[in-house]
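Biologist: I have not looked at this one before. Can you take me through it piece by piece?

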Amino acid sequence: MNITLTQPEGLVASPAFSHVAVVPPGATTIYIGGQNGVDTTGAVVSSDAGEQSLRAVENARIALESAGAGLDDVISWTVLIHQDADLRAAYGAVASRLAREGAPPLVTAALVAGLGVPGALIEVSAVAAVVRD
């Protein structure tokens, strides 16, 4: 039983994202709600988009591990970036952290006018799938 990520012919081929994820019956699917660049008290860690991005992904990693998964198990990311954030800093900070062997996950990204946490520049959510023995 395998989780399959594909880039079908007829769609753009990118090293950064896939288009389709197929999770077979019996696999465990894990949903991680929006994670901002905040510490354990809920305070935004920095006004820097790169630092917030690193912390948001770290928070997602912690949430994933609590369910027996990791960053490599993510099949889909949703990334909301505040319209005033430095996109290069936000993406550059986490690109190497999200790189992995094989097909990349699905990615949906949007620039937004604001996020629910005052001062937040980024919010990530994830869907992971794990084949359990």
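Modeller: Note that this is a predicted model. One place to begin is serine 46, whose side chain reaches the backbone nitrogen of aspartate 48 at 2.9 Å.

Biologist: Where is serine 46 found?

Modeller: Serine 46 sits in the loop between β3 and α1.

Biologist: Is serine 46 buried or exposed?

Modeller: Serine 46 has a relative accessible area of 17%, so it is buried; the cut-off for buried is under 20%. Leaving out residues up to four places away in sequence, serine 46 touches Glu51 and Gln52.

Biologist: And aspartate 48, what does that one cap?

Modeller: Aspartate 48 caps the N-terminal end of α1, with a side-chain oxygen 3.1 Å from the backbone nitrogen of glycine 50.

Biologist: Why does the span of helix α1 agree with what it should be?

Modeller: Helix α1 covers residues 49–66, which is 18 residues. At 1.5 Å a residue the helix should span 26 Å, and its end C-alpha atoms are 26 Å apart, so the two agree.

Biologist: Which residues of α1 are buried?

Modeller: The buried residues of α1 are Ala49, Gly50, Gln52, Ser53, Ala56, Val57, Asn59, Ala60, Arg61 and Leu64.

Biologist: What do they pack against?

Modeller: The buried residues of α1 pack against β3, β4, α2 and β6.

Biologist: What comes after α1?

Modeller: α1 is followed by glycine 68, and the phi of glycine 68 is positive, near 80°.

Biologist: Back to β3. Where does asparagine 36 lie?

Modeller: Asparagine 36 is in strand β3, which runs over residues 28–36. Asparagine 36 counts as buried because its relative accessibility is 8%.

Biologist: What does its side chain reach?

Modeller: The side chain of asparagine 36 reaches the backbone oxygen of isoleucine 122, at 3.0 Å. Setting aside residues up to four places away in sequence, asparagine 36 touches several residues, among them Arg55, Ala56 and Asn59, and also Leu115, Val117 and Ile122. Of these, Ala56 and Asn59 are also among the buried residues of α1.

Biologist: Changing topic: how much space lies in the largest pocket?

Modeller: The largest pocket holds about 560 Å³ of space. It is lined by 23 residues, and the closest to its centre are Ala16, Trp77, Tyr91, Leu98 and Val107.

Biologist: Which element gives the most to that lining?

Modeller: α2 gives the most to the lining of the largest pocket, with five residues. At least two residues each come from β4 (74–82), α2 (87–98), β5 (106–112) and β6 (122–130).

Biologist: How do the lining residues divide into nonpolar, polar and charged?

Modeller: The lining of the largest pocket has 21 nonpolar residues, one polar and one charged.

Biologist: And how much space lies in the second largest pocket?

Modeller: The second largest pocket has about 190 Å³ of space. Its lining includes Ile3, Thr4, Leu5, Asp72, Asp73 and Arg100. β1 (4–6) and β4 each supply at least two residues of that lining. By class, the lining of the second largest pocket has six nonpolar, two polar and four charged residues.

Biologist: Last one, proline 25. Is it buried or exposed?

Modeller: Proline 25 counts as exposed because its relative accessibility is 75%. Proline 25 lies in the loop between β2 (20–22) and β3.

Biologist: How many residues lie between proline 25 and threonine 108 in sequence, and what is the distance in space?

Modeller: Proline 25 and threonine 108 are 83 residues apart in sequence, and their C-alpha atoms are 24 Å apart in space.

Notes
Residues are numbered from 1 along each chain as its sequence is written. This is a predicted model: local features need pLDDT of at least 70, side-chain atom pairs count only at pLDDT 80 or more; totals for chains, interfaces and linings use all residues. Side-chain values use heavy atoms; hydrogens and water are left out. Helices (H or I, at least four residues) and strands (E, at least two) are DSSP runs, numbered from the N terminus. Buried means under 20% relative accessible area, exposed over 50%, partly exposed in between (1.4 Å probe, protein chains only). A polar contact is a pair of N or O atoms within 3.5 Å; within protein, one must be able to donate a hydrogen and the other to accept it, and residues adjacent in sequence count only if both atoms are side-chain atoms. Contact means heavy atoms within 4.5 Å. On a 1 Å grid over the protein atoms alone, a cavity is a set of points where a 1.4 Å probe fits but cannot get out, and a pocket is an open set with protein on both sides within 12 Å along at least five of seven lines; lining residues have an atom within 4 Å of a point. Grid points are joined across faces, edges and corners, and a volume is the space filled by probe spheres set on the points. Ala, Val, Leu, Ile, Met, Phe, Trp, Tyr, Cys and Pro count as nonpolar, Asp, Glu, Lys and Arg as charged, and the others, Gly among them, as polar. The expected span of a helix is 1.5 Å times one less than its number of residues.
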